Amino acid sequence: MADTFSEIVKKQELPYTLINAIGGPDGVYEDHVEFLEKHLKLVTMQKYLKNKQVLNEKIQAMFMWGQKPEATRELLEELRNLKVIAVSGVGIDHLDLKMIFGFGIRVTNTPFAVSNSTADLGMALMFASARRIVEGHQIAASPDTKYFNIDWLGQEITGATLGIIGMGRIGYLVAQRAKAFEMKILYHNRNQRNEVDEQAVGAVYCQKMEDLLPQADFVMLTVNLTPQTCKLIGRKELELMKPTATLINICRGQVIDQDALLKALQAKTIKAAALDVTYPEPLPRDHALLDLKNVLITPHIGTATSQARRHMMERMVESILEAVNGLPVTHEVHE
């Protein structure tokens, strides 16, 4: 935490900050509490609900860890002095920004804190799918296995073509990692990156996504979810991909038309999919995607490292202190 914030804390009362809970599946991490309490006056939802008449005038910030507490209209109407909602991670599609901004409340997120961990997971999913790691473990650990079949084969990453859709921070970090494996890198983005960036990773720009899809052995999605990217990948796009290609999604589940993906996987229009995100999350336990051997699904763990989560938490605290003290907010979200 910068000296500026230490000086602010010394001069002023710590800002009352609403959190969901401490510990448990929806609470802030217990090993983060010491740091949080040095800079914020934490108020759990349970404590708030028991003392609304006193606390609704004091709370200035909401610390939204894993989408909790929820920013409902009812809650925002009660928190009359709320100045800022700090969101963990990058995604803000779970927020009604128009409503929140209507209350004059600022919103912040933590885009730089999640980039490396998410890019790492993208590479991990690509490798795990290509080399059939989960299926291989199941074979090796099965009590029924007596020998390993010599015709059980995976696919090499080295020298393959990777198509990245969305070349922002995370997409570019994926490209940097892919370069180390001598992958040919194609990318599609709203705007072409500068020549220096392209040459550094050996990336080739495809102005149209339709030009990228037929060439890629692996297609990785790293876009933000917006009305324009919802169901960006549907039947038409899947049919453009190679029948030997793998689709990897590390952004948001709604970017893919899941019904179209299911049909494409069943019909072997594409070879496989590796998904860190789905819609909804988790999928219903009887969803057909869960039964396909050519699908690898992880539980939205792109940022689930101790380092990334600590970094996220510290950036959220910085943003809260900036906002409640009338300073420019480094990672403010605008409508």
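The following conversation goes through selected features of this structure and the definitions behind them.

Visitor: What kind of model is this, and how are its residues numbered?
Guide: This is a predicted model, in which local features need pLDDT of at least 70 and side-chain atom pairs count only at pLDDT 80 or more, while totals for chains, interfaces and linings use all residues. Residues are numbered from 1 along each chain as its sequence is written, and side-chain values use heavy atoms, with hydrogens and water left out.

Visitor: Why is Ser-88 called buried?
Guide: Buried means under 20% relative accessible area, exposed means over 50%, and partly exposed lies in between, with a 1.4 Å probe and protein chains only; Ser-88 has a relative accessible area of 15%, so the residue is called buried. Ser-88 lies in the loop between β4 (84-87) and α6 (97-102), where helices (H or I, at least four residues) and strands (E, at least two) are DSSP runs numbered from the N terminus.

Visitor: What makes the approach of Ser-88 to Gly-66 a polar contact?
Guide: A polar contact is a pair of N or O atoms within 3.5 Å, of which, within protein, one must be able to donate a hydrogen and the other to accept it, and residues adjacent in sequence count only if both atoms are side-chain atoms. The backbone nitrogen of Gly-66 lies 3.1 Å from a polar atom of the Ser-88 side chain. With contact taken as heavy atoms within 4.5 Å, and leaving aside residues up to four places away in sequence, Ser-88 also touches others, including Trp-65, Thr-110 and Met-312.

Visitor: How do you know that β6 and β9 pair?
Guide: Two strands pair if DSSP finds at least two bridges between them; β6 (residues 161-165) and β9 (residues 218-221) have 4 bridges, in the parallel sense. Within this pairing, Gly-163 has Val-219 of β9 as its bridge partner.

Visitor: What makes β8 and β12 the edge strands?
Guide: The open sheet has 7 strands in the order β8-β7-β6-β9-β10-β11-β12, with parallel pairing. Strands β8 (203-205) and β12 (295-297) each pair on one side only, and these are the edge strands.

Visitor: Which residues of helix α9 are buried, and what do they pack against?
Guide: In α9 (residues 169-179), the buried residues are Ile-170, Gly-171, Tyr-172, Leu-173, Val-174, Ala-175 and Ala-178. They pack against α7, β6, β7 (184-188), α10 (195-201) and β9.

Visitor: What is noted about phi of Gln-67 and Lys-231, and how exposed is each?
Guide: Most residues other than glycine have a negative phi, and most peptide bonds are trans. Phi of Gln-67 is near 70°, and phi of Lys-231 is near 55°. Gln-67, in the loop between β3 (59-64) and α5 (73-78), has a relative accessible area of 43% and is therefore partly exposed. Lys-231, in the loop between β9 and α12 (235-240), reaches 52% and is therefore exposed.
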